[in-house]
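Hi everyone, thanks for coming. Let me put it on the screen.

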Amino acid sequence: DIIPQPLLDQYLSMTDPARAQTVDTEIAKHCAYSLPGVALTLGRQNWHCLKDTYETLASDVQWKVRRTLAFSIHELAVILGDQLTAADLVPIFNGFLKDLDEVRIGVLKHLYDFLKLLHADKRREYLYQLQEFVVTDNSRNWRFRYELAEQLILILELYNPNDVYDYLRHIALTLCSDKVSEVRWISFKLVVAILQKFYANNASALGLNFINELVVRFRHCSKWVGRQAFAFICQVGMFSLCI
């Protein structure tokens, strides 16, 4: 009753490989691009009409199709709600995390938007996987690591201080030593955000341990770039206090 059945059937047939040969070689990509809009129109109660099509697109051999889905999976999660997201989207999301960098960047850019929609226990499982984002297919892809640091600043609010200290702290320290200055600079902001997280949640002991680690690792570093990093972290921290 929402849209004519022939129109829906026509849309679902866009994943047919034969149509890619006779109609448009990128027809599957167009299908993937439109899927959140179709899902919104049908409503979550009719997700079963699109589920198989979505899974077919998510396993398409063309990375551009998977990339398109990766960039919009957080929007689809809002449409479907937490239960359907956990059952049908999380497995596909996990697959995208292990895909090519061209696909992974899609989930990375909206990592916070997706994780905040999950239940706390399911969200905590991703603490073990965030470290994998530091490694890319091409080490020169520094924008990937920059995006990771930006997302982590947002993600801090989703986890308790102990989890931040045990998992996210290590990633922040690694990014602070990146070869690219742009990555290092955004990482200094991440470090300060972590410290603010500790002290805002009465975890001063964790904050003090982290400060001591920063002093040992950067303030007393034998290389000037390490000592410079410590100065910049102090600069960012003072600026944050001023505002």
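So, this is a predicted model, and the C-alpha centres of domain 1 and domain 2 sit 34 Å apart. Their contact draws 14 residues from domain 1 and 18 residues from domain 2. For orientation, domain 1 covers 1-118 and domain 2 covers 129-242.

How much area do domain 1 and domain 2 bury between them? About 1,400 Å², with 63% of it on carbon and sulfur atoms. There is polar content as well: seven residue pairs are in polar contact between the two domains. On the side of domain 1 that touches domain 2, the elements giving two or more residues are helix 5, helix 6 (101-109) and helix 7 (111-115). Helix 6 provides the largest share of that side, with six residues.

The domains also have one salt bridge between them. Please find Lys109 and Glu147: their side chains meet in a salt bridge, at 3.2 Å from N to O.

Now let's look at the whole structure, where a search turns up eight salt bridges. One of them joins Arg66 and Asp99, at 2.7 Å from N to O. Arg66 is in helix 5 and Asp99 is in the loop between helix 5 and helix 6, so this pair links distant parts of the chain, 33 residues apart. Are these two residues buried or exposed? Both Arg66 and Asp99 are buried.

Asp163 counts as buried because its relative accessible area is 4%, whereas Arg124, at 35%, is partly exposed.

Then there is Lys122 with Glu125, with closest N and O atoms 3.6 Å apart. Lys122 is partly exposed at 27% relative accessibility, and Glu125 is partly exposed at 43%.

Look in the loop between helix 4 (51-58) and helix 5 (63-97). Asp60 is buried yet has no salt bridge. What Asp60 does have is a side-chain polar atom 2.8 Å from the backbone nitrogen of Gln62. Leaving out residues up to four places away in sequence, Asp60 touches Ala28, Val65 and Arg66.

Thanks, happy to go back to any of these views.

Definitions and conventions
Residues numbered from 1 in each chain as written. Predicted model: local features only at pLDDT ≥ 70, side-chain atom pairs only at ≥ 80, totals over all residues. Heavy atoms only, no water. Helix = DSSP H or I, 4+ residues; strand = E, 2+ residues; numbered from the N terminus. Buried < 20%, exposed > 50% of the residue type's maximum accessible area, 1.4 Å probe, protein only. Lys, Arg positive; Asp, Glu negative; His and termini not counted. Salt bridge = Lys/Arg side-chain N within 4 Å of Asp/Glu carboxyl O. Polar contact = N/O pair within 3.5 Å; in protein donor to acceptor, adjacent residues only side chain to side chain. Contact = heavy atoms within 4.5 Å. Domains from an automatic or database assignment. Buried area = accessible area lost by both parts, 1.4 Å probe.
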